[in-house]
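Hi,

Here is the structure I promised to pass on. Have a look at it first, and then read my notes below.

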Amino acid sequence: MRSVTGRLMLLDTASLYFRAYFGVPESVRAPDGTPVNAVRGLLDFIDRLVKDHRPDHLVACMDADWRPQWRVELIPSYKAHRVARQQAAGPDEEEVPDTLSPQVPVIEAVLDALGIARVGVERYEADDVIGTFTARAEGPVDIVTGDRDLYQLVDDARGVRVLYPLKGVGTLQVTDEAVLREKYGVDGRGYADLALLRGDPSDGLPGVPGIGEKTAAKLLAEFGDLAGILAAVDDRQAKLTPSQRKRLDGARPYLAVAPAVVRVADDVPLPDVDTVLPRAPRDPAALESLAARWGLGGSLQRLLTTLSG
């Protein structure tokens, strides 16, 4: 990975194009009638993000493997409810709306023609790519995602924050440690422990039965982290109710493996890519062809104008 010293913006690309797909009417179509609402919506998102936050570097982080086998081996229920078809070789196929799947290769081709760095790494999710870029960045980092799992990366001291879309990307929750403490009672480092204790049905994480978000936050405030909580389970003098002690003790097998599943990786082998925000398209001819084929119109022109500004 090349040195990144200015403001780095990392896009959780799938999270954003899913939001674009559901937020932009399917009546937005290419000349041949194919829906391109996710493509144009994502271009509009990127235009607004660059315009409002002026990153020096921009990376579209991709899910090369949305459900890595090493996570499934630790917690078999991990994202199991989102599997559309199991594959004998390679990642299982994720359940994706029929009219969204064909738009993903178009999105990838447009990003490549624009010259926006696009990074996915085999056996890892986009979250892990984001975690590794964040760990290696030398300047401030803006992570744009609709996935709260990435709150664990928030770090005021390093200038790492999450821009969480509340409505489109025009209304973003700028998530720093103050926001996390107010909403969840933890800082960035504590959020992963909170998440694994609480569980997350959307990711197939069971959590500890009977330990909800508020109880998890109280336990972390009292004992510091997951290791401190488990030490308290063994300490009969620690301030745990009998039911909490029983539930946590019974959940030890889950708690032994959950941290590796919930915490994003920070050691992904990243390719050598140029992350600098492009001022002009990398491949103007390819971009012109894509614009005509898919009817990208004003969405692409607005982004090109913003990039050149």
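Before the notes, one term: by a polar contact I mean a pair of N or O atoms within 3.5 Å, where, within protein, one must be able to donate a hydrogen and the other to accept it. Also keep in mind that this is a predicted model.

Buried or exposed? Asp 128 has a relative accessible area of 0%, so this residue is buried. Setting aside residues up to four places away in sequence, Asp 128 touches Trp 70, Arg 71, Val 264, Ala 265 and Val 268.

Thr 306 is another one to look at, this time in helix H13 (residues 297-308). The cut-off for buried is under 20% relative accessible area, and Thr 306 comes in at 6%, so it counts as buried. Its side chain makes a polar contact with the side chain of Asp 47, at 2.4 Å. Apart from neighbours within four places in sequence, the residues in contact with Thr 306 are Asp 47, Val 50, Lys 51, Arg 54 and Arg 279.

Now for helix H7 (residues 188-198): 10 of its 11 residues are buried, so the helix is largely enclosed by the rest of the structure. Among the buried ones are Tyr 191, Asp 193, Leu 197 and Arg 198. What do the buried residues of H7 pack against? The answer is helices H6 (177-184), H8 (213-223), H9 (226-234), H10 (242-250) and H11 (252-262). Both ends of H7 are worth a click. At the start, a side-chain oxygen of Asp 187 reaches to within 3.3 Å of the backbone nitrogen of Arg 189. After H7 comes Gly 199, with a positive phi near 85°.

Two of those partners, H9 and H10, also meet each other. Their axes come within 10 Å and cross at roughly 115°, which makes H9 roughly perpendicular to H10. The crossing is left-handed. On the H9 side the residues are Ile 229, Ala 232 and Val 233, and they meet Arg 245, Leu 248 and Asp 249 in H10. By type, this contact divides into four nonpolar, no polar and two charged residues.

Cheers

Conventions. Residues are numbered from 1 along each chain as its sequence is written. This is a predicted model: local features need pLDDT of at least 70, side-chain atom pairs count only at pLDDT 80 or more; totals for chains, interfaces and linings use all residues. Side-chain values use heavy atoms; hydrogens and water are left out. Buried means under 20% relative accessible area, exposed over 50%, partly exposed in between (1.4 Å probe, protein chains only). Helices (H or I, at least four residues) and strands (E, at least two) are DSSP runs, numbered from the N terminus. Contact means heavy atoms within 4.5 Å. Axes are lines fitted to C-alpha atoms, for helices over the stretch in contact, and angles run from 0 to 180 degrees between N-to-C directions. Angles under 35 degrees count as roughly parallel, over 145 as roughly antiparallel, 65 to 115 as roughly perpendicular and the rest as oblique. A crossing is left-handed if the near helix is turned anticlockwise from the far one by less than a right angle, and right-handed if clockwise. Ala, Val, Leu, Ile, Met, Phe, Trp, Tyr, Cys and Pro count as nonpolar, Asp, Glu, Lys and Arg as charged, and the others, Gly among them, as polar.
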